[in-house]
Amino acid sequence: MKKRQLTFAALMSLSLAALLAGCAGTGPKEVPAGCPVCPAPTGEKEVTAPPAKPLQAARWEDIPGWGQDDLSAALPAFLSSCRGLAGRKEWPLWRPACDEARSLNPQDGAALRRFFESRFTPYQVVNPDGSREGLITGYYEPLLHGSRKAEGAYRYPLLRVPKDLITVDLSAVYPELKHLRLRGRLQGNRVVPYWSREEMARRMDQYQALLWVDDPIELFFLQIQGSGRVQLPDGSLVRVGYGDQNGRPFQPIGRVLVERGELKPDQVSMQSIQAWTRANQGQPGKVASVLNQDPSYVFFKELNLPPGDGPVGALGVPLTAERSLAVDPRTVPLGAPVFLSATYPNSPRPLQRLMLAQDTGGAIRGPVRGDFFWGFGSGAGNQAGKMKQRGQLWVFLPPGLGG
């Protein structure tokens, strides 16, 4: 739902890295302050361990909880992945498994397990430093209350994608950046960074609203989630999803509240942040100063989705509650089955189940990193807001994609 973007600072760092890489021919070096040339070689070789291979072959029997998961709950999500993979260049490698999956009895757990074990090879996802655990967070689809026009309490705009936002695809020049986009605006004949959240607030009359909602705090968290539902005064629901983003890097405001002494590190959750903002609503400048520390801003579009479907993820298919996972596609291919071994929020109870890599996110960076989709509504939001677990991932790949 939420796309990754390449910031101007990141783009400039590519050029700096390339420049420094030319100093001694062995990668970026630290140049002493004021030194106009590269340091002279010392004759000593720098010994560094190569990064670990991100996908390492595993055995089914070594995956904790694999034999206990109810795979019938994962089959619809897998078939949804198949629809998203159809037409992609790697589709011929997935097609045999997808064709067989359509004929499976969803109630036959043993047959489902044999299917995955015969069609796929499991690989454990590993971090560059060789560690096998990473951060697993949660997200959900919130419910807001709004109107199609600004009236009464409905005075906070949910914005459409602005006409002056420019998106640049750099993959034609830098193939390694195929998952990234550069965003900005034109200033004369130059592309410059798009306005930050704080700068946009001073120009809000220049933007077009898709809807108007009654709660600025819920609107802020809708931008973090990337999609949601808005209930209109007549009771009807409007589905909204990610339209685009201003290109600014996401900054978690929980960290800001800790740095300012408003929250303790072990207190940070979506719920505690919401509680703080509501407790300080009488001081709008104080709340705005915190929210504006996140320069990122998400724009929305209206979606035409069946009531029972989840929001559409980066794979282009509706997400399945508690079976869809947002991943970093540089390591885990979108559409792939991924087995997660973690724990429930604020609990030692194991959370071990087959998920499907169907989404991405601006904060989902690194091999062992996942965002667990909990579904729609307050119950899902309660779980998502508290989820900050350590976990492991195994990705299942068909012949030709692994190794």
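A residue is called buried when its relative accessible area is under 20%, exposed when over 50%, and partly exposed in between (1.4 Å probe, protein chains only). The structure is a predicted model, in which local features need pLDDT of at least 70 and side-chain atom pairs count only at pLDDT 80 or more, while totals for chains, interfaces and linings use all residues. Residues are numbered from 1 along each chain as its sequence is written, and side-chain values use heavy atoms, with hydrogens and water left out.

The protein has 403 residues, of which 46% are buried. It contains 10 helices and 17 strands; these are DSSP runs numbered from the N terminus, with helices being H or I of at least four residues and strands being E of at least two. Contacts are defined by heavy atoms within 4.5 Å. Of the contacts between residues at least 6 apart in sequence, 77% join residues at least 24 apart.

A search of the whole structure finds 1 disulfide, the term being used for a pair of cysteine sulfur atoms within 2.5 Å. A disulfide is a covalent bond between the sulfur atoms of two cysteines. Here Cys82 is joined to Cys98, with an S to S distance of 2.1 Å. Cys82 belongs to helix 2 (residues 75-85) and Cys98 to helix 3 (residues 91-101), so that the pair, 16 residues apart, links distant parts of the chain. The disulfide is left-handed because the torsion about its S-S bond is about -85°. Cys82 counts as buried because its relative accessibility is 1%, and Cys98 counts as buried because its value is 0%.

In helix 9 (residues 284-291), the buried residues are Val287, Val290 and Leu291. Seen down the helix axis, these residues fall within an arc of 95°, so they line one face of helix 9. The arc is that of the directions from the helix axis to the C-beta atoms. The cover over the buried residues of helix 9 includes helix 5 (197-201), helix 6 (216-225), helix 7 (253-259) and helix 8 (270-279).

The protein exposes about 19,800 Å², with carbon and sulfur atoms supplying 53% of it. Accessible areas come from the Shrake-Rupley method with a 1.4 Å probe. On the surface, Leu143, Leu237 and Phe376 form a nonpolar patch with about 240 Å² of accessible area together. Leu143 lies in strand 4 (residues 143-147) and is partly exposed, with a relative accessible area of 34%. Patch residues have over 30% relative accessible area and no salt bridge, and nonpolar side chains (Val, Leu, Ile, Met, Phe, Trp, Tyr) are joined within 5 Å. A salt bridge is a side-chain nitrogen of Lys or Arg within 4 Å of a carboxyl oxygen of Asp or Glu.

Note on methods. Patches are made of residues with over 30% relative accessible area and no salt bridge: like charges are joined within 9 Å, nonpolar side chains (Val, Leu, Ile, Met, Phe, Trp, Tyr) within 5 Å.
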